Amino acid sequence: MNGAGSAPVAPARARRPVLAAHCVLAAFGGLFFAGSFAYPWTNPEDGTIGAGALPRVAGLLLLLIGLGLVWQELRAGSVLEGDGHVEESAGRSDGERRTTRRKLVVVTAAMVVTALLIPVLGMLPALAVMTLFLTAVVERMQWPAALATSVGVLVVSYLLFIVVLRVPLPFGLLDPALWSSP
């Protein structure tokens, strides 16, 4: 018993699904970090921040956070207040669990397809298309709201990365250098 007459609390233990999620987080961070070395840290022409800076810093942070979470889970396990260490979430039907798993697979596939579209469409249009797909198809938002969200992501990303930070993102087939005469 712990406290005044409350039920005993089971000792925390590492959960495989939680460990897997943290490992995936660390792996994504490691992939972004490793992939960032294909781009320069700074632009040689003017010394401004290069295309490799953001994915390198974000990837390293994601890798370290993921590894820290793995270490914490292995060392202390996880306990959610009131969950009693129940592996499956109570109160959810099999259909709800299947829907959640399906959404996870669809979102993961959308991220992979988006990564493959970046060399063709460019970074910002590919992310806008992914946002439109996720909001309209996966989350089933109304088309006007999904389209507005996608355009909003495109505009904010453009202003932040191109205008303010001057990060040279991949433009894909929209790159003016690709279409200029030699």
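How many nonpolar, polar and charged residues are there in the lining of the largest pocket? By class, this lining has 22 nonpolar residues, 4 polar residues and no charged residues. Here Ala, Val, Leu, Ile, Met, Phe, Trp, Tyr, Cys and Pro count as nonpolar, Asp, Glu, Lys and Arg as charged, and the others, Gly among them, as polar.

The model shown is predicted, so local features need pLDDT of at least 70 and side-chain atom pairs count only at pLDDT 80 or more, while totals for chains, interfaces and linings use all residues. Residues are numbered from 1 along each chain as its sequence is written, and side-chain values use heavy atoms, with hydrogens and water left out.

**View 1. The largest pocket.** The largest pocket holds about 930 Å³ of space. A pocket is found on a 1 Å grid over the protein atoms alone: it is an open set of points where a 1.4 Å probe fits, with protein on both sides within 12 Å along at least five of seven lines, and lining residues have an atom within 4 Å of a point. Grid points are joined across faces, edges and corners, and the volume is the space filled by probe spheres set on the points. The lining has 26 residues, and Phe-32, Pro-55, Ala-115, Ile-118 and Met-123 lie nearest the centre. Two or more lining residues come from each of helix H1 (16-35), helix H2 (53-76), helix H3 (94-121), helix H4 (123-138) and helix H5 (143-164). H3 gives the largest share, 6 residues. Helices are DSSP runs (H or I, at least four residues), numbered from the N terminus.

View 2. The 16 residues of H4 should span 22 Å at 1.5 Å a residue, and the end C-alpha atoms are 21 Å apart, which agrees. The expected span is 1.5 Å times one less than the number of residues. Among the buried residues of H4 are Leu-124, Met-130, Leu-134 and Val-138; buried means under 20% relative accessible area, exposed over 50%, and partly exposed in between (1.4 Å probe, protein chains only). The buried residues of H4 pack against H3 and H5. Arg-140 lies in the loop between H4 and H5 and has a positive phi near 55 degrees, in a residue other than glycine. Arg-140 is exposed, because its relative accessible area is 61%.

View 3. H5 has 22 residues and reaches 30 Å from its first C-alpha to its last, close to the 32 Å expected. Its buried residues pack against H2 and H4, and Phe-161 and Ile-162 are among them. The largest nonpolar core consists of 5 residues, Leu-124, Phe-161, Ile-162, Val-167 and Leu-169. Such a core is a set of buried Ala, Val, Leu, Ile, Met, Phe, Trp, Tyr and Cys residues joined through side-chain atoms within 4.5 Å. Apart from neighbours within four places in sequence, Phe-161 is in contact (heavy atoms within 4.5 Å) with Leu-54, Arg-166, Val-167 and Leu-169.

View 4. Asn-43 sits in the loop between H1 and H2 and counts as buried because its relative accessible area is 12%. Beyond its neighbours within four places in sequence, Asn-43 is in contact with Thr-48, Ile-49, Gly-50 and Pro-168. Glu-73 belongs to helix H2 and is buried, with a relative accessible area of 3%. With neighbours within four places in sequence left aside, the contacts of Glu-73 include Arg-13, Arg-15, His-22 and Ser-78.
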